[in-house]
Amino acid sequence: MKQQRPYWWGTFVGWSIATILMGFIGAWISQYLGAPEYFGATIGVVLTGLVGLFALAARIARKN
């Protein structure tokens, strides 16, 4: 029997991957600009994570 995933699973996984990628991109940009890598990585992860949470909440609210 195939396991059923919740309808919001795709949004959660997609934004999780986007958050990780934005962390790497933010670290790379910070390194390029001469700032510590964690500064840009933190900004990238926090902003993308917040957008992902709002996207997930909107998807759940739209379903109910």
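The secondary structure of this protein consists of two helices and zero strands. Its radius of gyration is 15 Å, well over the 11 Å that the globule rule gives for 64 residues, so the protein is more spread out than a compact globule. Please keep in mind that this is a predicted model.

**Overall shape and surface**
- Along the principal axes, the C-alpha atoms of the protein fill a box of roughly 50 × 25 × 10 Å.
- Of the 64 residues in the protein, 19% are buried.
- The protein exposes about 5200 Å², and 72% of that area is supplied by carbon and sulfur atoms.

**Contacts across the sequence**
- If we take contacts between residues at least 6 apart in sequence, 61% of them join residues at least 24 apart.
- T11 and L56 give a pair to look at: 45 residues separate them in sequence, while their C-alpha atoms are 6.3 Å apart in space.

**A look at T11**
- You will find T11 in helix α1.
- T11 counts as buried because its relative accessible area is 13%, and the cut-off for buried is under 20%.
- Leaving aside residues up to four places away in sequence, T11 touches A55, L56 and R59.

- With a relative accessible area of 48%, L21 is partly exposed.

Conventions: Residues numbered from 1 in each chain as written. Predicted model: local features only at pLDDT ≥ 70, side-chain atom pairs only at ≥ 80, totals over all residues. Heavy atoms only, no water. Buried < 20%, exposed > 50% of the residue type's maximum accessible area, 1.4 Å probe, protein only. Helix = DSSP H or I, 4+ residues; strand = E, 2+ residues; numbered from the N terminus. Contact = heavy atoms within 4.5 Å. Rg over C-alpha atoms; globule rule 2.2 N^0.38 Å. Areas by Shrake-Rupley, 256 points an atom, 1.4 Å probe, with all protein chains shown as cover.
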